[in-house]
Protein chains: 2
Amino acid sequence: MSVQEIKLNDLKPEAFIEEQCRLISEQVGPSKAVNALSGGVDSSVTTILAYQALGPRLLTYFIDNGLMREGEPESVVYAMKRLGVPVVLLDARRDFFAALKGKTDPEEKRQAITDTFYKGVFGRLVKESGAPYLLQGTIYTDVEETVAGIKRQHNILAQLGIDTEKAFGYKVIEPLIQLRKPGVRAIGEALGMPVSMYNRPPFPGPALAARVIGEVTPERVALARKATLVVEEALSGLEAFQYMAILHEDRVTGMRNGKREYGFQIEIRCWDSQDAVTASPTKLPFDLLRKLADRMTSEVPGVVSVTYNVTAKPPSTIEAV
Amino acid sequence: MSVQEIKLNDLKPEAFIEEQCRLISEQVGPSKAVNALSGGVDSSVTTILAYQALGPRLLTYFIDNGLMREGEPESVVYAMKRLGVPVVLLDARRDFFAALKGKTDPEEKRQAITDTFYKGVFGRLVKESGAPYLLQGTIYTDVEETVAGIKRQHNILAQLGIDTEKAFGYKVIEPLIQLRKPGVRAIGEALGMPVSMYNRPPFPGPALAARVIGEVTPERVALARKATLVVEEALSGLEAFQYMAILHEDRVTGMRNGKREYGFQIEIRCWDSQDAVTASPTKLPFDLLRKLADRMTSEVPGVVSVTYNVTAKPPSTIEAV
């Protein structure tokens, strides 16, 4: 591929920021640019970098797709506001759930979210804004995994031969494309972001849809959201790379109050990794896993079974969907 | 329920054996009795007890339903032969897979196996034998769980109001019905069974069908069989009550040779328990779980993900299906 990686050791954050601000500024000129903030490290760093370069000529949207974690849309917008960056919050939950209805294949689900986002909701916003530039938080690993055919990242377009100017009427600017995650975090730190923002564990593009095996409905996302809250509260104190709760489609036999209950299973994954290319399950204390299972089965309605994934990547991947 | 439990502390194995042999002998008289040996502790103890009482007037069948573990039909028959008890091995794999075809609901699967066994294969055998008595290894916990509606054990008939004499033309004799598992093991030991036979971890009535979530096909049972072999080799040295590998119907994303592979997930369960009424997941060393996952993903075709269940019973049950 044609993108040149900047290794963490070679990265000089201040010089990188200055250079990227200059490039964004030069390219956009007196015109406007838009971007979508997801709340993840990549899009947050992109937003702040671009806002430094463009000021109010940057229009940043946060699109609530109904697949976010508990309280996430509000807290992400508020955190940016505190850094002086204005963000427009848009409720598009109905569009996304309509597109996901009846879909069970992971690739189709991913595609439905991508299409609803690019061709639908955000596509319309970009068109209406009249901005000829779109800023995206694509990083080196996204390109690599998409090119290798491991996973189709939602934000990879140019590398797949899609001419966004012809297809959608705008040019894409990807200031972080030469960096891997640790590099992005270093830039975030240098930009003065709070540590909770630049050290935030990664969260997948399709958000909680990636944590639901099978059909993604509002009810099933609500269960995955509750399970995610429990797992994040229990594991946030650890130094793990990423941790998650996955709602299975398979039902398993359980019992409650002496009666059989055909219930849900939640799978917990917690990863040690440097760059998500390879990863190992974190050696969590067994008592912690037991307590986590007890909380999960008592706080998430219908859950009777909790497992912990013990497979390395490869042959596993970080996410199940 | 009308059955009176004999607690382990009150059990005198020699007296129990003498008494049950006398009862079986009196009931069957000069006539014949049949029984089906599954290889589990309960049916093995029943077989030896009844053979002691009846000698060659007992006809024992081992029915290969295609759902057994690797090499199990042959090894069970051979072990009985070494104890002087003749067993007829019958291949009924096609009958069972035909009955299971297309069924995904656990209750329907269980029912299909029960019906194929009682109304089909074994029912025919009993009828052909002309024996008016059937010996069954029903134990106290089976009755209890069936009556409580937690799980419908395959061998509970009388307690559900089924008059076997009217329905099938034979009377059922259940010499172990007052005992729980530890009591049965004590009887096995007193009968001179090898420790590997009377201390054998319990295995469910529907055999590997209980270890396959979703449709039970010869191919899926073959995967569960391989996974079971791996888990039993890895965990047999421990003092756990029961351990198992479960093939999920859900597929998860994995990767092999740098390419995405939409693969299978195996769930491992390993239980500490006294009597299966309540149970806790065994605190297995993390390294052992990691090695188990490595073996599973390299030795069982298509498996990309392995989990360990960390939920207690209740709200989980021992088996998933």
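## A helix pair in chain B

Let's start with two helices of chain B: H10 (residues 218-235) and H11 (residues 286-299) pack at an angle of about 150°, and their axes are 10 Å apart. That angle makes H10(B) and H11(B) roughly antiparallel, therefore, a label kept for angles over 145 degrees, with under 35 counting as roughly parallel, 65 to 115 as roughly perpendicular and the rest as oblique. Axes here are lines fitted to C-alpha atoms, for helices over the stretch in contact, and angles run from 0 to 180 degrees between N-to-C directions.

On the H10(B) side, the contact uses Lys226(B), Ala227(B), Val230(B), Val231(B), Glu233(B), Ala234(B) and Leu235(B), while H11(B) brings Leu288(B), Leu292(B), Arg295(B), Met296(B) and Glu299(B). Contact means heavy atoms within 4.5 Å. Sorted by class, that contact of H10(B) with H11(B) has eight nonpolar, no polar and four charged residues (nonpolar: Ala, Val, Leu, Ile, Met, Phe, Trp, Tyr, Cys and Pro; charged: Asp, Glu, Lys and Arg; polar: the others, Gly among them).

## What you're looking at

This is a predicted model, with local features needing pLDDT of at least 70 and side-chain atom pairs counting only at pLDDT 80 or more, while totals for chains, interfaces and linings use all residues; side-chain values use heavy atoms, with hydrogens and water left out. Residues are numbered from 1 along each chain as its sequence is written, and chains are lettered from A and ligands numbered from 1 in the order in which they are written.

## The sheet in chain A

Chain A has an open sheet of five strands, ordered E3-E2-E1-E4-E5, with parallel pairing. At its edges sit E3 (88-91) and E5 (171-173) of chain A, each pairing on one side only. On average, neighbouring strands are turned by 30° against each other, direction ignored. Strands pair if DSSP finds at least two bridges between them; strands (E, at least two residues) and helices (H or I, at least four) are DSSP runs, numbered from the N terminus.

Zooming in, E1 (residues 33-36) and E2 (residues 58-64) of chain A run parallel and are joined by four bridges. Ala36(A) has Tyr61(A) as its bridge partner in E2(A). Helix H2 (residues 41-54) of chain A lies across E1, E2 and E4 (133-135), at about 155° to E2(A). Helix H3 (residues 72-82) of chain A lies across E2 and E3, at about 160° to E2(A).

## Another helix pair, in chain A

H4 (residues 93-100) and H5 (residues 106-129) of chain A have axes that come within 9 Å and cross at roughly 145°. The crossing of H4(A) and H5(A) is right-handed. Their contact has seven nonpolar, one polar and three charged residues. Among the residues that meet are Phe96(A) and Leu100(A) in H4(A), and Ile113(A) and Phe117(A) in H5(A).

## How the two chains relate

Methods:
A crossing is left-handed if the near helix is turned anticlockwise from the far one by less than a right angle, and right-handed if clockwise.
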